[in-house]
Amino acid sequence: DASRYTSRAFHVLEKERMWNRTWQFAVREEDIPKAGDHVLYDIIDKSVIVMRGDDGVIRGFYNSCLHRGRALRTQSGCAGQLKCPFHGFTWDLQGRFKSKPCEWDFQHVDNAKMELPQVRCESWAGFVFINFDMEAQPLIEYLGVVPDHCRNYMMDRSHSIAHVQRRLACNWKVGQE
C-alpha cells in the first residue's frame, strides 16, 4: 500500500516498533581500528557513538551527556576520552565516568550513576551492528541464512572503499528503492 511510504502515522509506528528493535549496520571494524576511533550513527531521533575502547572492544554509547543531554561528539574521529563540551564531564573509552570539573558545584550528581548507557553492539564478518533493544536476539540468529549465503564472498576480508551519504526529503523506503 502506498500509504506505507507517505503516512506520518506509519512512520511513527516504524520508529516505535522497527527501528528501536532491529539490528542496524553501523560501521566496518577496519574503520575504527585504534582505541578511541569512533563513528557517529544517527537514526531517526537517536545518535550513537560506535567506538573502539582501549581494551579493543567495540561499544555503542548513546551520544548524550547524562547531566544536561548535550551531544558528546559532533563528528566521527578519534578521541582519548569522551568529554561533554557544555560542563566538561568526562568518560573513559569504556564509558566509565571519570570526572566533572568542579566537584563542589555538582554535588547533586551521583558519580556512581554516571556510566554511559550503551546499545547492543555485535559484529559479523567485520560488519558492526547496533540494536537499541538490549533484549534483542543475538545478531548471528537475526542474520539467519545470510552468513551461509555469503560464505563464498569472503565478507570478513572486505574493506570500505567509499562512504556515501545523502539527505533525501522522503520516506526511508523511497530512498532505499
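The briefing below starts with the overall chain and then turns to the sheet, the cysteines and some individual residues.

This is a predicted model, in which local features need pLDDT of at least 70 and side-chain atom pairs count only at pLDDT 80 or more, while totals for chains, interfaces and linings use all residues. Residues are numbered from 1 along each chain as its sequence is written, and side-chain values use heavy atoms, with hydrogens and water left out. The protein chain has five helices and 10 strands, where helices (H or I, at least four residues) and strands (E, at least two) are DSSP runs numbered from the N terminus.

**Overall chain**

- Along the principal axes, the C-alpha atoms of the protein chain fill a box of roughly 55 × 40 × 30 Å.
- Of the 177 residues in the protein chain, 37% are buried, where buried means under 20% relative accessible area, exposed means over 50%, and partly exposed lies in between (1.4 Å probe, protein chains only).
- The accessible surface of the protein chain comes to about 11200 Å², and 49% of this belongs to carbon and sulfur atoms; the areas come from the Shrake-Rupley method with a 1.4 Å probe, and for residues only the protein chains shown count as cover.
- Among contacts (heavy atoms within 4.5 Å) between residues at least 6 apart in sequence, 50% join residues at least 24 apart.
- The 24 positive and 23 negative charges of the protein chain have mean positions that are 4 Å apart; Lys and Arg count as positive and Asp and Glu as negative, with His and the chain ends not counted, and each charge is placed at NZ of Lys, CZ of Arg, CG of Asp or CD of Glu.

- Seven strands form an open sheet in the order 1-10-9-4-3-2-5, with antiparallel pairing, two strands being paired if DSSP finds at least two bridges between them.
- Strand 1 (24-28) and strand 5 (77-78) each have a single partner strand and stand at the edges, so one side of each is left without a neighbour in the sheet.
- Strand 3 (residues 46-52) and strand 4 (residues 58-62) run antiparallel and are joined by five bridges, and Val48 stands opposite Tyr62 in strand 4.

**Cysteines**

- A search of the whole structure finds zero disulfides, a disulfide being a pair of cysteine sulfur atoms within 2.5 Å.
- For Cys65, which is buried at 4% relative accessibility, the closest cysteine sulfur is that of Cys84 at 3.7 Å, too far for a bond.
- For Cys78, which is partly exposed with a relative accessible area of 45%, the closest cysteine sulfur is that of Cys121 at 17 Å, also too far for a bond.

**Individual residues**

- Ile44, in the loop between strand 2 (37-43) and strand 3, has a positive phi of about 55° although it is not a glycine, and Ile44 is partly exposed at 39% relative accessible area.
- Met154 has a positive phi of about 50° although it is not a glycine, and its place is in the loop between helix 4 (146-149) and helix 5 (172-176).
- Met134 is found in the loop between strand 10 (127-131) and helix 3 (139-143) and, not counting residues up to four places away in sequence, touches Gln118, Val119 and Arg120.
- Arg28 lies in strand 1 and is buried, with a relative accessible area of 4%; leaving aside neighbours within four places in sequence, the contacts of Arg28 include Phe127, Asp156 and His159.
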